[in-house]
Amino acid sequence: MSDILVHTEAGVMTLTFNRLDKKNSITSAMYGQLADAVASAEADASVRALLIQGDATIFSAGNDIGDFLNAPPSTQDSPVFRFMRGMAGFPKPVVAAVCGPAVGIGTTLLFHCDLVYAGDNAAFSMPFVNLGLCPEFASSLLVPQMFGYHRAAEAVLLGEPFMAEAALEVGLVNRVVPPTECNAIAQAQARKLAAKPLTALIESKRLMKGAQQAAVLQRIDEEAQSFGRMLREPAAREAFTAFMEKRRPDFSKH
Ligand code: COA
């Protein structure tokens, strides 16, 4: 079965991370599938809302670390950047259902969603610094805007997980719900959106987010240049190798 499940019903395209044995970490091939699905959701008039979900135990462990080590993205046309640009410019409403860990891009993609429902077991984290990396997906712009600078600095520079209630307090999630009900609640909200006039949804989202879109896309590119360089540097290589070898990284020389 595919690592990304795509199912469209009642005007809602649902994308489900389905790589549970690897904690829904995202490979380059999965970014390609996600980017293609997002593009088809935008083009297909019968799709009126998008829902992104994992299962009740895990949203996503972020980028596949083996890919970071062995096949890092090399150009701006790499699948991960196609996915980021597709999400950042997606005109229709996007809902997310997040339970369990949401690591790295598992958290940063939520800044590009319109409604976010979290299980009370959700744990968000942006451990880029701990991996010798910097923020991506315009999170260096969007996290300070949403959290305020000091809380953003805590989340980004320390990179420690924060739980669903803290995410609710800073405005990253709309509601905290029981994990076993999270996907169904998010699906119901997405169907409510899908039943509304699409032109009004698109125009309203554009008016709320459009003024910043160029800045978001520009920040995605700027971060990608630093991120791409840092992926190949010794600190990140040590972090990835340590993860694969199930040991603590040694940054004493970096
Ligand atoms: N990339 C590749 N494999 C990953 C992965 C990732 N990002 N996250 C988890 N896995 C794999 C583990 O290597 C392990 O594989 P194995 O069974 O072959 O040994 C399997 O998924 C289960 O992971 P494990 O760490 O044992 O699960 P856990 O429940 O103890 O912890 C997480 C879950 C998500 C907290 C933890 O896996 C984690 O921190 N992952 C790395 C997250 C990360 O740094 N992502 C990059 C962000 S930029």
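**Entry 1: the model.** I am working with a predicted model.

**Entry 2: around the ligand.** I looked up which residues surround the ligand. There are 14 of them, and K22, A61, N63, I65 and K246 come nearest. I then sorted the shell by class. Seven residues are nonpolar, two are polar and five are charged.

**Entry 3: polar atoms at the ligand.** In K22, a side-chain N or O atom is 2.5 Å from an oxygen atom of the ligand. In K246, a side-chain N or O atom is 2.7 Å from a ligand oxygen. I65 uses its backbone: a polar atom there is 2.8 Å from a nitrogen atom of the ligand. Next I looked up the cover. On its own the ligand has 880 Å² of accessible area, and the protein covers 65% of that.

**Entry 4: aromatic pairs.** I searched the whole structure and found nine aromatic pairs. I picked F68 and F227. Their ring centres are 5.7 Å apart, with 55 degrees between the planes, and the pair is tilted. F68 sits in helix 2 (residues 65-70) and F227 in helix 10 (residues 213-231), 159 residues apart. Both F68 and F227 are buried.

**Entry 5: a stacked pair.** I turned to F124 and F162. Their planes meet at 20 degrees and their centres are 5.6 Å apart, so this pair is stacked. F124 belongs to strand 7 (residues 123-125) and F162 to strand 8 (residues 162-163), so the pair ties together parts 38 residues apart in sequence. F124 and F162 are both buried.

**Entry 6: a cluster.** I went back to F68. Ring pairs link F68, F128, F227 and F240 into a cluster.

Methods
Residues numbered from 1 in each chain as written. Predicted model: local features only at pLDDT ≥ 70, side-chain atom pairs only at ≥ 80, totals over all residues. Heavy atoms only, no water. Near = heavy atom within 4 Å. Polar contact = N/O pair within 3.5 Å; in protein donor to acceptor, adjacent residues only side chain to side chain. Areas by Shrake-Rupley, 256 points an atom, 1.4 Å probe, with all protein chains shown as cover. Nonpolar A, V, L, I, M, F, W, Y, C, P; charged D, E, K, R; others polar. Phe/Tyr/Trp six-rings, centres within 6.5 Å; stacked < 30°, edge-to-face > 60°. Helix = DSSP H or I, 4+ residues; strand = E, 2+ residues; numbered from the N terminus. Buried < 20%, exposed > 50% of the residue type's maximum accessible area, 1.4 Å probe, protein only.
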